[in-house]
Each structure stands twice: as C-alpha cells, then as structure tokens.
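Dear colleague,

I am passing on the structure below, together with some notes on what came out of looking through it. Please read them alongside the coordinates.

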Amino acid sequence: MANLTIFDPRLTHHCRCLLLLGLSCLLRDSSSFLVPSSSSSRRSHPRRSRTSLPSSAIDGGMASTTSTADESYVAPSYEIDRRRNLAIISHPDSGKTTMTEKLLLYGGALQQAGAVRMKGEQRATQSDFMEMEKARGISISATVMTFDYNNLRINILDTPGHQDFSEDTYRNLPSNIRRPGYHHSHVFHVYDDPNREMNHISTRALAAADNAVMLLDAAKGLEPQTRKLFEVCRMRSLPLFTFVNKMDRPAMSPYEIMDQIEQEFGLATYPILWPIGDGDRFKGVLDRTNDVVHLFDRGDRQGKAEVEQIHMDDRETLKSSIGDDELFEKLLEDQELLSELISPLDMGRVMSGEQSPLFFGSAMTNFGVQLFLDKFCDMGTKPSGRLAKRNEEGKGKRSKQQGSNANDDDDEADEMISPDHREFSGFVFKTQANLDPKHRDRLAYIRIVSGAFQKGMKVGHSRSKPGKKYNLAQAQTLFGSDRESVEVAYPGDVIGINNPGNFAIGDTLFSGNEKIAFPGIPSFSPEIFAYIRNRDMDKYKSYQKGIDQLLAEGAVQALRQRNDDGGGPLILAAVGQLQFEVVQARLKSEYGVDSDLEPIGYNLARWADAGWDAVDKADADGKLFGIMIVQDRWRRPVLLFRNDWKAASVAEDEKYLMLKPWSKPPMFE
C-alpha cells in the first residue's frame with residue numbers, strides 16, 4: 001500500500017473520498033504554521049486587487065508590517081493632499097469659459113487658448129465642445145478639465161452661467177461636506193420655506209468640487225445669478241475665492257466692489273491681487289503677499305502675456321515702468337490704505353466660507369491668471385469627506401424600506417466617509433451621451449470620495465440588489481470632450497466610466513460588503529411644462545432612445561399621468577425655455593428625430609411628500625380644483641399649479657399634503 005494513490009483502481013469511491021477529506025484537513029492544519037494570519041484575509045477576498053500602496057496611507061501614516069486585502073483600496077495620503085478641485089461660477093458673460101481656457105493655458109494643458117466666439121484661425125474652447133455651445137457662445141453643460149500643475153492634480157469644472165442650465169452648476173457644488181465651524185444641521189434648513197427664492201436653487205447642490213471661484217464682471221459687480229450661486233456656496237460653507245474679471249475694460253472702483261460684497265453678502269474680503277488702473281490704463285496688479293508688482297504687456301490673447309516684476313521698494317524703476325504718475329501715486333496710496341484698514345487673511349475663516357481671498361485681473365488679456373492659479377494651489381483645500389448612509393449588504397427588504405422615503409434620506413446620512421477610508425466610494429454627478437458621436441457612447445462622471453479606484457475593480461451600486469457587483473473595466477480622465485484611459489484614481493478625482501444605462505445622477509458606487517449611499521441629488525421645481533411628441537413614428541426607437549438618454553442626463557425632468565407605465569404622453573418639465581430647445585436640437589442632430597412640443601399652462605410644481613393617500617383625500621374634498629396631478633419617475637405625486645398664490649394657498653390650508661418645491665431620489669432601492 002506504500003505506493004497507493006487516490007487514483008488506484010483498488011480503492012472504492014467511499015475510501016477515495018475519506019482519503020481526500022483527510023488530506024484537506026492535514027493541509028489546513030499545517031497552513032497555520034506556514035502562512036501569516038493576514039493571508040487568510042487575503043484568501044477570503046480572492047477578487048480584490050493586490051496593488052501595494054505606501055504604508056503611510058494606512059492608519060494615518062503609521063507603518064504596517066502586513067498588507068491585507070482590506071487595505072488595498074486605501075488612498076495614499078500624499079495623493080489625497082495633492083488634489084485640488086475648483087468650480088467656476090458666475091452670471092452669464094462674466095468670462096467664465098475664457099477664464100477656464102486661460103487656466104488651462106497657464107497650467108500647461110493647452111498650447112493655445114481658444115475663444116468662445118471664434119474668429120478667423122481661432123480655435124474653439126476646450127470646455128464648450130457641443131455644436132449648440134459653439135453656435136450660441138454659451139455653456140450649456142458642465143465640463144470637467146483635469147491636468148497636472150506644480151505637482152498637483154487640478155480638476156476644473158466650467159459650469160453654465162445661464163439660469164436655464166443652472167441645475168448642472170448646482171450638481172457640482174457640495175451639499176454635505178463638513179469642516180471645522182460648519183454645522184450639518186444648517187444644510188437643508190432653507191427647504192422648509194417654499195417661498196424662499198433660493199429653495200429651487202440649493203436643491204441641486206452636491207459635491208463635485210471642494211472649492212469655488214466666483215467670477216465678477218468688473219464693470220457690473222454683483223449680478224442676479226451671482227447672488228443665487230453665492231447663497232448656495234454659503235449654505236455649503238464652501239471655500240470661496242473671488243476673481244474680478246475684465247479689468248481691461250472701464251470698471252467699478254475696487255473699493256466699491258469690496259463694499260458691495262461685504263454689504264450684500266456679509267462676506268469679508270481680503271485683496272491678494274490689487275489692480276493698477278482699469279480699461280486702457282490697466283497696467284497690472286500688486287501681489288500683496290510679497291509686495292511685488294506684476295506689469296503685463298498686452299500681446300497675443302491666445303498666448304501667455306509678457307510680465308515684468310518689480311518690488312514695491314524699487315520706487316524709481318516702478319514709476320518708470322508704470323509710465324503714469326497718477327497711477328503710481330494711487331498705487332502707493334492704496335498699498336498703505338489696505339495695510340491699515342483690511343483685516344488680515346485668516347485661512348480658517350476662508351475654509352469655513354467666512355472670508356474670501358480677492359483677486360483682480362483680465363482673463364481675456366491674461367493679466368493675473370497665472371498668479372491666481374498659483375495662489376489657489378497654495379490656498380485651496382484638499383478633498384473633504386462626505387456624510388453618507390451605510391447599510392450592510394444583505395439586509396434586503398429592511399434596507400429598502402428605510403430608504404423608501406426619499407425626502408427623509410438626509411436625516412439618515414449621518415456617517416462621515418473620509419478620503420482615507422479603507423474602501424472605495426464615489427457618486428455620479430453627471431451623465432453625458434454621445435461625447436463621441438461616431439460611437440454613440442454614454443459616460444457617467446464619478447467624483448471619488450474615498451479610497452483608490454483601480455481598473456477592473458468590482459463595485460456595488462446603491463440602487464441595485466444586495467450582492468450585485470459591476471466590473472469597472474474602463475475609466476477615463478476627462479478634458480472637455482477628450483478622454484484618456486486611467487488605471488488608478490484617488491479622492492478628489494473625477495473619472496468617466498462607460499454607462500450602459502445602469503448609473504443615474506446621484507447614484508453611489510462602493511467597494512466592500514457595506515452599502516454606502518451619499519444623499520441623492522435633488523431636483524428643481526420646474527417652471528415650464530410641455531408635452532413632447534415624435535413627428536415620425538417610423539423613428540420611434542430612435543426617438544425613445546434619445547428621450548431616455550437625455551432624461552438620464554438631467555437635461556430636463558419627466559412627468560407622466562398617474563399610473564402611466566410609459567404608454568401615455570410624456571410631459572417635459574424645465575426651468576427655462578432654452579432647455580426645451582436644447583432637447584429638440586439634440587434629438588435632431590444626435591438621433592435624427594424631429595419632435596413637437598405642446599405647452600401646458602402651468603408654471604410651478606410641488607411634490608406631495610405625504611404620498612398618494614393624502615393627495616386622494618385633498619382631491620376628494622375638492623381642494624385641488626384647477627391643479628394638475630401627475631407623477632415623477634419614482635411614481636411620487638406631483639401637483640402642477642398655475643401661479644405662486646395658488647401653491648402657497650394649498651400649502652397653507654392643506655398642511656397634511658406636506659408640499660415641497662424639491663424632490664430627491666431614494667438612496668436605496
């Protein structure tokens with residue numbers, strides 16, 4: 001029997017099984033003497049990546065002698081520290097897209113800046129790549145540009161300034177970040193008052209950026225859309241930089257702009273770059289952090305400006321180079337006045353949104369742009385954590401029931417997920433179809449909150465069944481419409497992943513066995529409504545595909561009659577008429593479909609948070625006469641009103657309806 005094996009024909013099947021069982025027990029017992037305990041953890045997660053990460057990324061920088069699978073998604077601390085995100089917000093025509101182009105130029109991402117309205121040989125801007133954006137000279141969709149500068153990874157979001165497309169802007173602003181001095185209880189307090197102007201604006205505020213720069217037109221100061229966007233930033237306690245643009249044109253006094261900001265916003269400002277003249281006499285800026293004057297030469301607007309640097313102590317050279325005695329004397333006076341009257345820069349107040357570093361310059365002529373970029377890299381905050389709700393996968397029905405009331409999900413988002421959390425997590429803040437018209441692709445934009453993304457990793461999805469995983473086989477970094485494959489990405493990064501239709505705005509992706517859901521992204525109360533119909537029924541499939549993909553992008557909202565499963569007429573709901581025009585133009589250009597719109601005479605929507613039973617009661621009592629009752633994509637009741645007075649009256653008299661001017665998707669399904 002010395003040479004007996006398990007394949008010996010003399011063994012019965014029963015003996016062969018006993019022999020195999022004994023052999024497996026022997027191997028299991030002996031493995032404890034040969035393999036470190038950490039390997040058992042590694043074997044329990046055979047699909048995890050085993051990419052080695054620096055020990056400094058584990059346990060707050062403490063060295064670790066083992067590298068388990070549970071640590072494989074921890075992001076290195078130095079990678080987190082070198083990320084900077086910046087959303088650019090402003091009123092239309094303040095120079096937002098031009099500013100973005102010049103930041104890319106000075107950041108080394110472009111060799112030549114583009115123009116919003118092209119002339120001759122000028123190239124189009126990198127951020128406005130849609131045909132309608134080029135034709136109208138406006139930004140329709142938020143765009144992400146990622147580049148490296150001075151050993152930092154910069155993500156810039158150029159957002160639409162036009163009020164009809166502001167939802168894309170608000171999706172890029174944070175809703176649940178937490179910093180010292182910031183109280184989470186303040187986040188949603190404005191939603192309780194449906195008459196507040198900012199209610200429908202603040203509902204789209206979810207974090208894709210950790211910092212914002214408010215761009216002002218030097219000749220106009222604060223404008224309506226600027227005021228609205230500032231309120232969103234203030235509610236989120238977002239670090240806010242202010243750049244006063246277009247100083248190459250006749251401008252308001254810098255002191256007047258400072259007073260306007262402080263009086264209207266209650267926001268203290270601290271001038272970093274101070275202008276020397278304006279309009280044709282705009283010579284340059286004083287950097288108050290080191291008392292160096294930067295004098296610019298007006299040259300090629302598509303290239304970098306020539307700069308002469310002179311210290312304030314070198315009075316003779318400075319006076320000669322400025323070449324204007326009046327401006328020289330004004331500069332000396334301003335320097336002394338600012339040093340005596342302006343409170344010092346307090347970065348703690350900047351981080352909590354109580355003080356704004358102030359810059360003056362001209363994006364068009366390149367004055368002060370690189371200085372702003374350098375200062376932002378030094379002063380901007382690194383990626384922050386986000387509040388979320390965590391559920392163990394497998395809780396099943398109970399988890400789904402807990403997340404069924406979408407408008408109460410915020411109360412459940414009570415756990416901070418920090419960038420150095422051991423698991424990967426991120427959320428979808430934007431989707432885009434047909435970035436490459438030749439391939440009809442769809443992309444989901446993911447803002448990474450924690451952990452390291454690794455190509456080929458498997459992730460859970462907040463709205464999918466417990467245990468279901470998605471393989472992220474491909475991901476790209478984004479540069480307008482251009483993309484480049486990426487193997488690894490870290491908190492603060494924005495990546496694009498292929499979206500076959502599973503991922504929607506507000507969804508959370510995560511690794512590990514616990515479901516993580518960040519608060520869903522709320523929707524505006526629309527102000528115009530219309531039925532949309534396909535002109536050519538032979539193109540029904542193309543029409544349906546186009547509508548589905550454009551609705552998934554959040555271009556407009558969709559409403560239907562109650563209990564309509566999709567066979568009835570579709571109602572489009574938007575903030576402004578231009579949104580409808582974009583939908584029709586894209587249906588025509590991208591899907592080859594003509595459509596007709598039939599306006600509906602309502603201009604206000606309110607979600608009945610109490611549910612259908614309450615709506616049926618009010619309807620039976622005759623309280624909803626003249627009000628259209630429809631449902632949203634989640635089959636929740638929505639009431640359409642013809643005027644503000646009627647909406648306010650019903651909200652006051654029928655409080656049990658719990659009417660709200662915003663809605664949020666459920667965290668879990």
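**What was found**

The accessible surface of the protein chain comes to about 29,000 Å², and carbon and sulfur atoms account for 48% of it. Please keep in mind that this is a predicted model. The chain has 669 residues, of which 57% are buried, and its secondary structure consists of 19 helices and 32 strands. Among contacts between residues at least 6 apart in sequence, 72% join residues at least 24 apart.

Helix α13, residues 369–379, is largely enclosed by the rest of the structure, because eight of its 11 residues are buried; these include Phe372, Lys375, Phe376 and Cys377.

Two of those residues, Phe376 and Cys377, are also in contact with Arg84, as are Gly380, Thr381 and Lys382 and, from another part of the chain, Leu152, Arg153, Ile154 and Asn155, once neighbours within four places in sequence are left aside. Arg84 lies in strand β1, residues 83–90, and counts as buried because its relative accessible area is 10%, where the cut-off is under 20%. The C-alpha atoms of Arg84 and Thr381 are separated by 6.8 Å, although the two residues are 297 apart along the chain.

On the surface, Asp325, Glu329, Glu333, Glu336 and Glu340 gather in a patch of negative charge. Glu340 belongs to helix α11, which covers residues 325–341, and it counts as exposed because its relative accessibility is 57%. An α-helix has 3.6 residues a turn, so residues three or four places apart point the same way.

With best wishes

Conventions:
Residues are numbered from 1 along each chain as its sequence is written. This is a predicted model: local features need pLDDT of at least 70, side-chain atom pairs count only at pLDDT 80 or more; totals for chains, interfaces and linings use all residues. Side-chain values use heavy atoms; hydrogens and water are left out. Patches are made of residues with over 30% relative accessible area and no salt bridge: like charges are joined within 9 Å, nonpolar side chains (Val, Leu, Ile, Met, Phe, Trp, Tyr) within 5 Å. Accessible areas come from the Shrake-Rupley method with a 1.4 Å probe; for residues, only the protein chains shown count as cover. A salt bridge is a side-chain nitrogen of Lys or Arg within 4 Å of a carboxyl oxygen of Asp or Glu. Lys and Arg count as positive and Asp and Glu as negative; His and the chain ends are not counted. The place of a charge is taken as NZ of Lys, CZ of Arg, CG of Asp or CD of Glu. Helices (H or I, at least four residues) and strands (E, at least two) are DSSP runs, numbered from the N terminus. Buried means under 20% relative accessible area, exposed over 50%, partly exposed in between (1.4 Å probe, protein chains only). Contact means heavy atoms within 4.5 Å.
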